[in-house]
Amino acid sequence: QVQLVESGGGLVQAGGSLRLSCAVSGFTFSMNNMGWGRQAPGKEREFVAGITVNGKSTYYADSVKGRFTISRDNAKRTVYLQMNSLKPEDTAVYYCAGKGDYTGGTYEYWGQGTQVTVSS
């Protein structure tokens, strides 16, 4: 059974930071690209960051480039999203994604999401 379990969301003031984590089980984590997407109320899901199997290549949407950093720990089967300089427009449910194209949103597996709220 595939499971992607996100954690680390919460309420933060604009300019603050949060670190999201996603613990993975049920597929070979170290052999698959991982990513993060988000969906704000009334909007379509946006793919914001992706990382290759060895972590050497990453992708970021223009909206988060320079503020967010994706990383992974294959030994822990966990992918992270460090979010700095948060803005109110970053408010969304953030989803972990597994087994797909690290530059896009076509992933086979998605987590249940964790809420991030940025207050102004």
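The largest nonpolar core of this predicted model comprises 27 residues, a nonpolar core being a set of buried Ala, Val, Leu, Ile, Met, Phe, Trp, Tyr and Cys residues joined through side-chain atoms within 4.5 Å. Buried denotes under 20% relative accessible area, exposed over 50%, and partly exposed the range in between, with a 1.4 Å probe and protein chains only. The residues with the most contacts inside this core are Met 34, Trp 36, Ile 70, Val 79, Leu 81, Met 83 and Tyr 94. Two or more core residues are given by each of β3 (18–25), β4 (34–39), β5 (46–51), β7 (68–73), β8 (78–83), β9 (92–100) and β11 (114–119). The most is given by β3, with four residues. Helices (H or I, at least four residues) and strands (E, at least two) are DSSP runs numbered from the N terminus. In soluble globular proteins, nonpolar side chains tend to be buried together.

Residues are numbered from 1 along each chain as its sequence is written. The model is predicted, with local features requiring pLDDT of at least 70 and side-chain atom pairs counted only at pLDDT 80 or more, whereas totals for chains, interfaces and linings use all residues; side-chain values use heavy atoms, with hydrogens and water left out.

Strand β7 runs antiparallel to β8, to which it is joined by six bridges; two strands pair if DSSP finds at least two bridges between them. In this pairing, Ser 71 stands opposite Tyr 80 of β8. The two strands form a hairpin with four residues between them, and Arg 77 in the turn has a positive phi of about 55 degrees.

Four aromatic pairs are found in a search of the whole structure. Rings of Phe, Tyr and Trp (its six-membered ring) pair if their centres lie within 6.5 Å; planes under 30 degrees apart count as stacked, over 60 as edge-to-face and the rest as tilted. Phe 47 and Tyr 59 form a stacked pair, at 5.9 Å centre to centre and with 25 degrees between the planes. This pair links distant parts of the chain, with Phe 47 in strand β5 and Tyr 59 in strand β6 (residues 58–60), 12 residues apart. Phe 47 counts as buried, at 12% relative accessibility, whereas Tyr 59 is partly exposed, with a relative accessible area of 27%. The rings of Phe 47 and Tyr 107 are also stacked, because their centres are 5.4 Å apart and their planes are at 25 degrees. Here Phe 47 in β5 is linked to Tyr 107 in strand β10 (residues 107–110), 60 residues away. Tyr 107 counts as buried, at 8% relative accessibility. Ring pairs link Phe 47, Tyr 59, Tyr 107 and Trp 110 into a cluster.

Arg 45 is placed over two rings, those of Tyr 95 and Trp 110. A charge sits over a ring if NZ of Lys or CZ of Arg is within 6 Å of the ring centre and within 35 degrees of the ring normal. The distance from the ring centre is 6.0 Å for Tyr 95 and 3.6 Å for Trp 110.

The loop between β8 and β9 contains Asp 90, which counts as buried at 1% relative accessibility. Not counting residues up to four places away in sequence, Asp 90 touches Arg 38, Arg 67, Phe 68, Ser 85, Val 116 and Val 118. Ser 85 is placed in the loop between β8 and β9 and counts as partly exposed, at 42% relative accessibility. Most residues other than glycine have a negative phi, and most peptide bonds are trans. The phi of Ser 85 is positive, near 50 degrees. Lys 99, in strand β9, likewise has a positive phi, of about 70 degrees, and is partly exposed, with a relative accessible area of 35%.

Conventions
Contact means heavy atoms within 4.5 Å.
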